[in-house]
Amino acid sequence: MTEETTGRRDPFFAFDDETDERPEEPGEDRRGRTVAWKPIGVGLLGLLLGLVLAVNGALTWDDSRRIAGYADRSWVVGGQYQDLTNDLRTKDYNPVYRGVLPADPAVAEQPFDSGLADPRPVEPGEEIVFRGTQTGSREDDFHAEADALLAVEDGTLQVVATDEAGAYGEGITAGTVAWERTKAALLVLGGLAVAGAGLWWARRLWLRGA
């Protein structure tokens, strides 16, 4: 090997050396390509918002299925918070509410189960004390005023659900169930639309080199 050959560097290895020595710029990957953070962020945001809407839609649909069995055969009773009582299945507590039965004679066609004592006969418009279905560890966990949904289960009139005042409106009807299902469908479709729009906009930004 001659001195001239020894002093001459192979272009291939020279190229490698230059590539290795060039510092990686912020926003570039290891191959020197710029990472499109803006399109990625827009796409992820669209997917996240779409997922939130879709999950809310699924939960609303589940609620509509739960109340569908009580449509046109249930009553709503307003209740005032009275006290706490031990939950029957967990170590938490249930609220105790006081309210007045509806004037509908049908409420007296079966015994009333308050969840606090044995079922007993009742009269329309009678004042009752009943166990709420929520759970919590202290008084602040419960609503001072609540609505109780009453329905006939296993031959007795029972409190099947309690929620904040106004949650059940004037009662559960077929129209109530239909509206809940409509809201669920709109939420799911909205979630898909938002996710799709986010991906579409992210692609536009990427094509524009943003």
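This is a predicted model: local features need pLDDT of at least 70, side-chain atom pairs count only at pLDDT 80 or more; totals for chains, interfaces and linings use all residues.
Partly exposed means a relative accessible area between the buried limit of under 20% and the exposed limit of over 50%.

**View 1. Arginine 73 meets glutamate 153 in a salt bridge.** Start with arginine 73, whose relative accessible area of 36% makes this residue partly exposed. The closest N and O atoms of the pair are 3.9 Å apart. Arginine 73 sits in the loop between H3 and strand S1 (74-86), while glutamate 153 belongs to strand S5 (residues 145-153), so the bridge ties together parts 80 residues apart in sequence.

**View 2. Glutamate 127 and arginine 98 join two strands.** Here the side chains form a salt bridge with an N to O distance of 3.2 Å. Glutamate 127 is in strand S4 (residues 127-131) and arginine 98 in strand S2 (residues 93-100), 29 residues apart. Glutamate 127 is partly exposed because its relative accessibility is 48%, and arginine 98 is partly exposed at 33%.

**View 3. Arginine 120 pairs with glutamate 126.** In this salt bridge, 2.8 Å separates the closest N and O atoms. Arginine 120 has a relative accessible area of 35%, so this residue is partly exposed; glutamate 126, at 22%, is partly exposed too. The whole structure holds six salt bridges.

**View 4. A nonpolar patch lies on the surface.** Look for Trp37, Ile40, Leu44, Leu47 and Leu199, which together have about 510 Å² of accessible area. Helix H3 (residues 37-68) is the biggest contributor, giving four residues. Isoleucine 40 lies in helix H3 and is partly exposed, with 39% relative accessibility.

Definitions and conventions: Residues are numbered from 1 along each chain as its sequence is written. Side-chain values use heavy atoms; hydrogens and water are left out. Patches are made of residues with over 30% relative accessible area and no salt bridge: like charges are joined within 9 Å, nonpolar side chains (Val, Leu, Ile, Met, Phe, Trp, Tyr) within 5 Å. Accessible areas come from the Shrake-Rupley method with a 1.4 Å probe; for residues, only the protein chains shown count as cover. A salt bridge is a side-chain nitrogen of Lys or Arg within 4 Å of a carboxyl oxygen of Asp or Glu. Buried means under 20% relative accessible area, exposed over 50%, partly exposed in between (1.4 Å probe, protein chains only).
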